[in-house]
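Subject: Structure handover

Hello,

Here is the structure I said I would pass on. Please look through it first, then read the notes below it.

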Amino acid sequence: MTQTTALGVQYGPREGYADDVTRELVLELHRGMVRIRLFEEHAGKLVESGDMPGFLHLYVGEEAVATGVMSVLTDADQMTSTHRGHGHAIAKGAQFRPMFAELYGKTTGYCKGRGGSMHIGDTNKGMLGANAIVGGGIPIAVGAAFASQYRGDGTVAASFFGDGATNIGAFHEAVNMAAVWDLPILFICENNGYAEFTAQGNHMKLEDIAERAASYGIPGVVVDGMDVLAVRAVALAAVERAKAGHGPTLIEAKTYRYFDHQGIKGMRIPYRDAAEVEAWRERDAIKLLEVIGTERDLVSAEEFADIWSQTEAEILEAIEFARNSPEPDPADILDDVYTV
Amino acid sequence: MTTRELTYVKAFNEGLHQVMAADPDVFLIGEDVAGYGGVFHMFDGLLTEFGPKRVKDTPIAEQAIIGLGVGAAARGLRPVCDLMFMDFVGVAMDQIFNQAAKMKYMFGGGVSVPLTITTAGGGGMSAAAQHSQSLEAWLAHIPGLKVAMPASAYDAKGLIVGAIRDDNPTIVVMNKKMLGMKGPVPEELYAIPMGQANVVREGSDVTIVAIARMVVEATKAAATLEAEGISVEIIDPRTVQPLDTDTIVTSVKKTNRAVIVHEAVEFGGIGAEISSQIQEAAFDYLDAPVARVAAPFSPSPYSPILENAYMPDAARIAARVRAVVGRG
C-alpha cells in the first residue's frame, strides 16, 4: 500500500526495501512491538476496572515508531517522551515490573510512585522522562544533545512528540536552536492525525509536518509509521547524520492511535470515523512484520505466537509484582524535592 | 588588612570567571552573553577567556535557552542560562516550573538538575511594566526551585558561585540598579550557600527584613533612625527560597518588632510569607503587628514621578518603622 505525500515522498512497504532484513532483527522488532501492545492493553483494562489510578494515554497502534527508532539507539543515547510515553519507555529498555509498579503508585516503580503514567521512565536507560506538557520535552532533548556535543561522547538524543506539539512555541524554539548549532538529535513527530480530539486539518495548513523542517534548514523525512523497518531505516540515517556532525533531522511518522486520546473505554469517536479507525487497523504494524517474517521464511507463525504468549505471561507476573509491592509512606512526601 | 572594592556587576563577573575556570562542566548560554558580554556587562570577558564552546549566544528563544539547560544539567553539566530581564521568566516559565523544578521529584529522585538561571530584576530606571518587575514570590512558590537575590557586591560573587555549585535549579536575580555599587570583595573564589541569611546590621528596637536593593534603602533608613534613637537590625535573607526563617525569627524575638521591605507588589509578595512565619514562630514576642513596605498593586509605571511613588525608599521605610515602634 504505497502512498505518495504532498512532498512527493513515497511511504509504505515497497518492493525490495527490506531485502537485508535478518531473522534476528524481525524477532527483536516483533518482540519490542508486542511488549508495548500487550502492556498497553493490560494497563488500559486495569485503569478501566478501577484497579489502577491515574490517566492513561495509550500508545496502541503507534508501536512501530518507538520500536523502530529505539532499535538504532543505545542506553547512552538520551530520549524525551510525551504524555503517551509507555511505548517509548518500553522500547528504550524499561522493564515491566517497575513500569506496572509505577502505574500502581508503588515504591518499586520507576519514579517511586511520584510520577505515574505521565512521567514514567528509567533515567539509567537514557530516558529524560515522559512529559505531560505538550512540547515540553523537546527543548530538554536539545539540551541532552548539547551535552553530547559538549562532551564529544558520540551519543545522540531523540525527542518524540505528536502532530499537535509542532504548533507550540517550544517546538519551534528547540528545533531552530538545535539546527543552528548542528546538535546530534532526532526530532520524531508521531503524526497520529489528531491533537487530542482535533483533526490535523483543523490545526494546521500542512499535510506533511516534515515540511516544517525546511524553515529550520534541516532535512524533513516522511515515513510510514506503521512499518517498523521503514522507521528503523530513516532513524538509522538520521543517527548517522547526527553523529557525523551534520545536525538534526525531523522525522514525521504517519501513524494512528487505536484507542481514544485517554483511556481505552468505548472508543468515544464522534471526532473520528469508525471506518477510518478500521482502515488503520488493517495496516497494523505488528501484522505487517509478521507477514514479512513468514513470507520470507525468516520466522514461523508458531515463533511469533510464542512471543505473544511469553510476553503475556511476563506481564501477568509483573502486574502481580506491582500489586504486591509496598505503598509509599506519606512521611517521605518531601523526599527528592531537592538534591541535598 | 583592607579588602579591595569591586562593583556589584564586576563581583558577579569575577565569580563566574573563577567558577568556570575551576569547573569545565560549567557553560554559559543566553541572548548576547558572548560577543556583547550581556546587556548589563555581567558576562564581559567570558567569551575571550573560555571560547565559543563554553560561552554561546543563542537565538531569542527563552524556552529553548532554559530547556537546553535542563537537558544538559540532567546529563551532569552545570549550565548557566541567562534570561536578561527577570520579566522574561514568563516566556520560559514552563521549562522553569514544570520541567526544571519538578524533574527530580516526578522521576523519583533519579536525576538532578544543577541548572543556574541568571537574570536582572528590579525597577527605578523608567524601564516600565515589562522590564522592572520583582517576581521572586512567584518563583519561591515552586517546590524544587531556589531563588537568590544578591544585595551587595560580596553576595553577588558568593551567590553566583553558590548557585552554580548547588545541585538544584537556582535562579540568581541581579538587581539592575545596584550594578555599579561598590563593596569589599575577596579576590579568592568563595561560595555562599543557599538559605543563609545575612545580619547586615545589628540593632535592638526593630528588625527590618529587606530583599535585594531594599537592603540599601533600609540601611539608609537605619542611619536616619539611629539619630532619632531607634536601633534597627537589618536581615537580608539573601535567598527567598530556601528562606532562613531561623535567623529572622531569632532577630524578631530580640527586637519584638518586624518590618518587611521589598520592591515587588505587596499583595502575595514574599513579605506575606515572612510575616506569616514570624507570627507563627514568635507571636508572643511581638509588640506590634508585623508591617510591610512594598509596591502598590499595579504594574510598574514608566514616569519617574510615578515610579518614585511606586518604589519603597528609605523615607517610606523610616516612616513605617517609626509607626511600628510607636513614634510615628
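Chain A has an average pLDDT of 92, and 93% of its residues score at least 70; pLDDT is the predictor's confidence in each residue, from 0 to 100. Over residues 5–11 of chain A the pLDDT is below 50, and this stretch has 19 contacts in the model beyond near neighbours in sequence. Two residues are in contact if their C-beta atoms, placed from the backbone, lie within 7 Å. Where pLDDT is low, the predicted coordinates should not be read in detail.

This is a predicted model, in which local features need pLDDT of at least 70 and side-chain atom pairs count only at pLDDT 80 or more, while totals for chains, interfaces and linings use all residues. Residues are numbered from 1 along each chain as its sequence is written, and chains are lettered from A and ligands numbered from 1 in the order in which they are written.

Chain B is divided into domain 1 (5–184) and domain 2 (198–322), with bounds from an automatic or database domain assignment. The contact between them takes 25 residues from domain 1 of chain B and 22 residues from domain 2 of chain B. On the domain 1 side, α6(B) gives the most, with four residues. By class, that side has 13 nonpolar, eight polar and four charged residues. Here Ala, Val, Leu, Ile, Met, Phe, Trp, Tyr, Cys and Pro count as nonpolar, Asp, Glu, Lys and Arg as charged, and the others, Gly among them, as polar.

Next, strand β11 (residues 232–236) of chain B. Helices (H or I, at least four residues) and strands (E, at least two) are DSSP runs, numbered from the N terminus. Five of the five residues of β11(B) are buried, so the strand is largely enclosed by the rest of the structure. A residue is buried if 20 or more other C-beta atoms lie within 10 Å of its own, exposed if 12 or fewer, and partly exposed in between. B:Val232, B:Ile234 and B:Asp236 lie on one side of β11(B), and B:Glu233 and B:Ile235 on the other.

Strand β9 (residues 198–201) of chain B pairs with β11(B) in the antiparallel sense over three bridges; pairing requires at least two bridges found by DSSP. Strand β10 (residues 206–210) of chain B runs parallel to β11(B), joined by four bridges. B:Ile235 is the bridge partner of B:Val199 and also of B:Val209.

Regards
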